Amino acid sequence: MLILVQLFGPSPGSYADVTIARLSNIERFLQPMEVILGDSGYQGLKQVGCPFKGNINDPRQAGFNLALDRRKAIVENVNARLKAFAALRTPWRHDIGKHRT
């Protein structure tokens with residue numbers, strides 16, 4: 001399993017998730033058979049696995065949605081924990097070179 005982390009931005013203003021994904025060109029990092037798991041906000045991208053909607057009678061689609069929900073819960077939990085750090089909520093106020101690494 002490959003975990004891909006990409007940072008893109010900052011971008012002025014407010015954008016939809018799919019717009020940021022397109023602007024960042026994240027799909028260029030993927031091999032032809034690889035996909036990114038995303039919520040319904042990413043529909044329209046070729047290599048993003050989004051949940052199936054509506055009345056789902058196919059057990060494979062239901063299984064995919066369940067697996068996606070489980071992974072989404074992990075990501076949301078990590079995001080909630082990261083929000084506890086004030087440094088992650090504070091914007092950079094100076095040139096990046098002035099900050100220690």
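I began with the surface, where Ile74, Val78, Leu82 and Phe85 make a nonpolar patch of about 380 Å². For patches I took residues with over 30% relative accessible area and no salt bridge, joining nonpolar side chains (Val, Leu, Ile, Met, Phe, Trp, Tyr) within 5 Å and like charges within 9 Å. The accessible areas come from the Shrake-Rupley method with a 1.4 Å probe, and for residues only the protein chains shown count as cover.

I noted that this is a predicted model, in which local features need pLDDT of at least 70 and side-chain atom pairs count only at pLDDT 80 or more, while totals for chains, interfaces and linings use all residues. Residues are numbered from 1 along each chain as its sequence is written, and side-chain values use heavy atoms, with hydrogens and water left out.

I then placed Ile74 in helix 2, residues 59-82 (helices are DSSP runs of H or I with at least four residues, strands are runs of E with at least two, and both are numbered from the N terminus). Ile74 is exposed, with a relative accessible area of 56% (buried means under 20%, exposed over 50%, and partly exposed in between).

Next I looked up the salt bridges (a side-chain nitrogen of Lys or Arg within 4 Å of a carboxyl oxygen of Asp or Glu), and the count came to one. Asp58 and Arg60 meet in a salt bridge through their side chains, at 3.3 Å from N to O; Asp58 is partly exposed at 23%, whereas Arg60 is exposed at 68%.

Last, I turned to Asn25, in the loop between helix 1 (17-24) and strand 1 (36-37). Its phi is near 55°, a positive value in a residue other than glycine, and Asn25 counts as partly exposed at 40% relative accessibility.

Methods
Buried < 20%, exposed > 50% of the residue type's maximum accessible area, 1.4 Å probe, protein only.
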